[in-house]
Structure formats: structure tokens, C-alpha cells
Amino acid sequence: MKILALDTALGACSVCVLDSNLVKPLAHESIVMARGHAEALMPMIDRVVSQIPGGFEALERVAVSVGPGSFTGIRVGIAAARAIGIACSIPVVGVSTLSALAAPLVADKLPTTIVAAIDAHHGNVYYHAMAGNGRMIVPPRLTTVRDAIRTCGSDPYRFTGSGAPLLAIEAWSIGLRAEAVGALVAPDVAYIGRLGLLSDPETARPTPYYLKAPDAKPQEKGRIARVP
């Protein structure tokens with residue numbers, strides 16, 4: 001099965017095409033960026049897909065990161081994935097950014113607690129914790145750095161994601177064994193593809209996965225009353 005994987009949820013715009021029978025991606029491109037995903041994504045998809053025999057007609061599934069992450073970035077990726085799914089008549093699946101961040105550490109099969117964390121700013125992180133064998137210890141949640149360390153299981157820890165340095169510093173400050181490893185900006189889009197290959201299109205829906213409400217709120221002052 002050939003799958004197109006997209007990630008615009010965090011600090012990169014990334015696209016790859018994987019074949020389920022091969023280890024390495026057939027084609028791949030990634031650019032680190034804080035903004036501009038909407039402008040960069042579609043040309044990147046076109047460049048990547050044009051590198052595989054058969055182009056879009058060869059694709060059999062699309063996987064896209066659904067969050068947690070940037071509200072705008074998540075929607076950019078999901079909109080593109082859904083559009084390609086409709087145009088190519090192929091299923092689209094959603095993959096958690098936290099799962100994609102943790103996946104390469106789980107593959108190492110080391111006897112540690114794996115914590116994938118995304119910096120949510122103001123001393124908070126989105127995170128989940130897993131045993132080295134992939135068993136979930138703490139499901140995805142939004143909490144403070146301090147509370148995350150005190151609820152994510154026993155050390156030693158392997159932290160990954162943009163929140164990893166924050167958690168590592170907190171862990172070291174109370175004498176726990178920890179290291180920050182793996183991707184610190186965004187997940188490897190190939191793992192979004194690999195997890196997408198394993199996902200069930202009936203349950204892994206390409207819908208935004210938020211752990212907090214939007215920061216933007218409707219304005220109340222100066223609102224014009226509706227005419228009856």
C-alpha cells in the first residue's frame with residue numbers, strides 16, 4: 001500500500017510517500033517553519049508525489065497529523081488531506097502528533113518511560129507517557145510541567161518533542177534520571193505514515209484533536225444587535 005503522509009501541526013511542513021513493503025520513504029520533503037504552512041503545503045505535496053511512479057493515482061491512503069498542535073496548522077493539513085482523499089477516492093486517517101513523536105522511541109524497545117510532550121507555553125505542556133513497550137501510562141492531556149513530571153510514571157525518562165527540554169530540566173531539578181532525545185520541533189512525517197498504515201479508517205478519523213479551547217474569543221464589545 002502506498003500512503004501519502006502530511007504534517008503541518010507543529011513547527012514544520014512535511015510530506016512523504018511510503019510503501020508498506022519498504023522501510024524508507026519513496027519520496028520526502030520537510031521544511032522547518034513557524035508560519036506559512038498553508039502556502040508551502042500544496043506545492044510540497046505536488047513535488048513529492050511527482051517523484052513516485054503513477055503520481056496521485058498510485059496512492060491508496062492519506063495520513064495526516066491531527067494534533068495537538070497549532071490550531072491553524074492542524075486545519076491546513078486536514079483540509080489538504082481530505083481534499084486529496086475525495087479527489088483520489090481513497091481513505092484518509094488521522095494520527096496524533098504525540099503518538100508520532102513517541103513512535104521512534106517505542107521502536108528502540110528500551111526499559112524507560114517515554115514521554116512525548118509539546119510546549120503549550122506559559123509553563124504548560126501537551127503530553128502523554130508510555131512504557132518502553134508502548135503501553136499507555138498517561139493518556140494525552142494538557143497540564144503544567146511540574147504536574148506532568150509528577151504523574152508520568154517512574155524514571156528513567158526519555159522525553160521527546162518541543163516540551164522535552166522543559167520536562168528534562170524539571171526532572172533533573174528533583175533528582176530524576178532523564179534525557180531529551182528524538183524530534184524536538186515536529187515528528188518525523190514518515191512515522192505519521194507508518195502509524196497511518198496501521199490505523200483503521202473507520203475509527204482514526206481526520207478530525208482536529210485539541211486539548212484546549214481556542215485562544216481567540218468572539219468580541220463582545222461593540223457588537224451590533226441583530227434586527228428582529
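**Reading the features**

Mentor: Let us start with S89, which is found in the loop between helix 2 and strand 5 (92-95); helices (H or I, at least four residues) and strands (E, at least two) are DSSP runs, numbered from the N terminus. This is a predicted model, in which local features need pLDDT of at least 70 and side-chain atom pairs count only at pLDDT 80 or more, while totals for chains, interfaces and linings use all residues. Residues are numbered from 1 along each chain as its sequence is written, and side-chain values use heavy atoms, with hydrogens and water left out.

Trainee: Is S89 buried or exposed?

Mentor: S89 counts as exposed because its relative accessibility is 67% (buried means under 20% relative accessible area, exposed over 50%, partly exposed in between, with a 1.4 Å probe and protein chains only).

Trainee: What is the phi of S89?

Mentor: The general idea comes first: most residues other than glycine have a negative phi, and most peptide bonds are trans. In this model, S89 has a positive phi near 55 degrees, although it is a residue other than glycine. K109 also has a positive phi, near 55 degrees, and is found in the loop between helix 3 and strand 6. With a relative accessibility of 71%, K109 counts as exposed.

Trainee: What does strand 9 contain, and where does Y157 sit?

Mentor: Strand 9 covers residues 157-160, and Y157 is found in it. Y157 is buried because its relative accessible area is 4%. To read its surroundings, one lists its contacts (heavy atoms within 4.5 Å). Leaving aside neighbours within four places in sequence, Y157 is in contact with T113, V115, I149, C152, A171, L176, R177, A178 and E179. Y157 and E179 are 22 residues apart in sequence, yet their C-alpha atoms are 6.4 Å apart in space.

Trainee: Which backbone oxygen does the side chain of Y157 reach?

Mentor: It is the backbone oxygen of G153, at 2.5 Å. This is a polar contact (a pair of N or O atoms within 3.5 Å; within protein, one must be able to donate a hydrogen and the other to accept it, and residues adjacent in sequence count only if both atoms are side-chain atoms). A further case is seen at the start of helix 3, where a side-chain oxygen of S96 comes to within 3.1 Å of the backbone nitrogen of L98.

Trainee: Which residues of helix 3 are buried?

Mentor: They are T97, L98, A100, L101, A102, A103 and L105. L98 and A102 are among the residues in contact with H128, which lies in strand 7. H128 counts as buried because its relative accessibility is 1%. A100 and A103 are among the contacts of L195, a residue of helix 6 (residues 189-198). L195 counts as partly exposed, since its relative accessibility is 24%.

Trainee: How many residues has the largest nonpolar core?

Mentor: A nonpolar core is a set of buried Ala, Val, Leu, Ile, Met, Phe, Trp, Tyr and Cys residues joined through side-chain atoms within 4.5 Å. The largest one here has 41 residues, and L4, L6, V15, I45 and V62 have the most contacts inside it. Among the elements that give two or more residues to this core are strand 1 (2-7), helix 1 (37-49) and helix 2 (71-88). Apart from it lies another core, of 17 residues, including Y127, A148, I149 and A168. Returning to V15, its contacts include L4, L6, L41, I45 and V189, not counting residues up to four places away in sequence.

Trainee: How does one describe two packed helices?

Mentor: One uses the angle between their axes and the distance between the axes. The axes of helix 1 and helix 2 come within 10 Å and cross at roughly 30 degrees (axes are lines fitted to C-alpha atoms, for helices over the stretch in contact, and angles run from 0 to 180 degrees between N-to-C directions). H37, A38, L41, M42 and I45 of helix 1 meet V76, G77, A80 and I84 of helix 2. By class, this contact has seven nonpolar, two polar and no charged residues (Ala, Val, Leu, Ile, Met, Phe, Trp, Tyr, Cys and Pro count as nonpolar, Asp, Glu, Lys and Arg as charged, and the others, Gly among them, as polar).
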